[in-house]
Amino acid sequence: MNPNIVTVLCSGFGLGFYNPGLIVSHQLRRRGFATEVLVFETYMVQDKQDKILDSKKAYHDNFAVALVATKIPKDIRDSIDFAQVDRLLGQWAEERRRHFISLSGHWIYILDMYREKLGALAELQVDLLYVDSDLSPSWKGLKKFNPDYNARYRDVWLYDARERTIPFYIQVGDEEEIPLAQRPSRYVVHGGGWGMGTYQGKIPELEQHGLALDIVAYELEEALAQKPGNRYYMNDPQWVAWRKGRSGEHEFPLFGQIKPEEPPVYANLPSHHGLYEVIRRAKAIVSKPGAGTLMDSLSSATPVIMLEPFGAHEKQNAAVWEANGLGISYETWKESGFSEELLEPVHRRLLQRKAEARNYTEDLIGRIG
């Protein structure tokens, strides 16, 4: 392995902590850098992995349960398979790994162990990449048990809750933004990677208003009774972030359209997640303001119609998007009569904020290249 390999440390807890890492990894490889993507849950003991899958189902079924869970800080060290981690650190040391990007606070315990293993030789370049505008649960739990966790690492905030600014963006795919006026009058409705939130309750109202919807289902049964004009999509329910794909590496979710009376066909791209191809052609995203939604919104200049946030960090995400005029609340949109005209100035502001921000991958290359 090249000692300059960039190790991208993701989490399968949500696609917002997974997809951005794979996107950056792909972009680095295209520029000649060696990379490896790792997922934290791989290094958890088996019973804890199984409980995550149970939690996904519970959080999808009951958003109130999910909201309560965000308020309970957890010491993730109780879940780590330290024997497996020790083997990983031995590999890192042998390959002289120095460059890391962490999208989850859970990885900091392991990075600190690596630093201790190297001792005086520990000259690590670590980006702590915050994909939300405030600390999400993995970072909050870390900060509770280790207040100075970031003293030796570099904080990189894509969005700044305190200043209400957008310093960085992650470019998804290679295509130019499609002008909003040239897009069909369709609206993406989803609940993030775990299908959480109040989005399902909005679908009947949007249908009654005659809007054409691209709905991301979490379970196949949700797509069985499709209304005319709607389309349903979903990730392969058998896909799990911490299990490697056919390539032998972690891959984007297998994704496909669910058509009546046809077996689903799931596929993925090497460069980015499949849902983005639907989003970049839509008038707006109707969703909670999660990290992945913000990334897709800014990259494609697609306005967000914001639903109830998942926790304090997503509440700050909504505040940043509203302060910059990049999204509007569902209530405001409803009061306007679900106005399409209301979205055009939001689209223009997204284009402007993106032009003013720095491309995170290009910034990283400038520092390590």
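How many bridges join S3 to strand S4 (residues 125-130)? The count is 4, and the two strands run parallel. Strands pair here if DSSP finds at least two bridges between them, while helices (H or I, at least four residues) and strands (E, at least two) are DSSP runs numbered from the N terminus.

This is a predicted model, in which local features need pLDDT of at least 70, side-chain atom pairs count only at pLDDT 80 or more, and totals for chains, interfaces and linings use all residues. Residues are numbered from 1 along each chain as its sequence is written, and side-chain values use heavy atoms, with hydrogens and water left out.

**Around strand S3**

S3 also pairs with S1, in the parallel sense and over 4 bridges. Ser102 is a handy residue to look at: Leu9 stands opposite Ser102, and Ser102 stands opposite Leu128 in S4. Side chains in a regular strand alternate between the two faces of the sheet. In S3, His99 and Ile101 point one way, Phe100 and Ser102 point the other way, and all are buried. Buried means under 20% relative accessible area, exposed means over 50%, and partly exposed lies in between (1.4 Å probe, protein chains only).

**Helix H4**

Helix H4 (residues 82-95) has 14 residues and reaches 20 Å from its first C-alpha to its last, close to the 20 Å expected at 1.5 Å a residue; the expected span is 1.5 Å times one less than the number of residues. Its buried residues are Val85, Leu88, Leu89, Trp92 and Glu95. They cover an arc of only 130° around the axis, which puts them on the same side of H4; the arc is that of the directions from the helix axis to the C-beta atoms. The face turned away from this buried side carries the exposed residues Arg87 and Glu94. Among the elements covering the buried residues are strand S1 (6-10), strand S2 (35-39), strand S3 (99-102) and helix H5 (107-118), where contact means heavy atoms within 4.5 Å. Arg96 follows H4 and has a positive phi, near 55°.

**Salt bridges**

The structure holds 20 salt bridges, each a side-chain nitrogen of Lys or Arg within 4 Å of a carboxyl oxygen of Asp or Glu.

| Pair | N to O distance |
|---|---|
| Arg97 and Glu36 | 2.7 Å |
| Arg281 and Glu277 | 3.1 Å |
| Lys283 and Glu340 | 3.5 Å |

Lys283 lies in the loop between helix H8 (275-279) and strand S11 (284-287) and Glu340 in the loop between helix H11 (330-335) and helix H12 (344-356), so this pair ties together parts that are 57 residues apart in sequence. Lys283 is buried at 4% relative accessible area, whereas Glu340 is partly exposed at 27%. Both Arg97 and Glu36 are buried. A network of salt bridges links Asp127, Arg154, Arg358, Asp363 and Arg367.

**The open sheet**

Elsewhere, 7 strands form an open sheet of mixed pairing, in the order S10-S9-S8-S7-S11-S12-S13. Strand S10 (255-258) and strand S13 (327-329) are the edge strands, each pairing on one side only. Strand S7 (residues 186-189) and S11 pair in the parallel sense over 3 bridges, with Ile285 in S11 as the bridge partner of Val188. Helix H7 (residues 199-208) packs on the sheet, touching S7 and strand S8 (212-216), and its direction makes about 165° with that of S8. Axes are lines fitted to C-alpha atoms, for helices over the stretch in contact, and angles run from 0 to 180 degrees between N-to-C directions.
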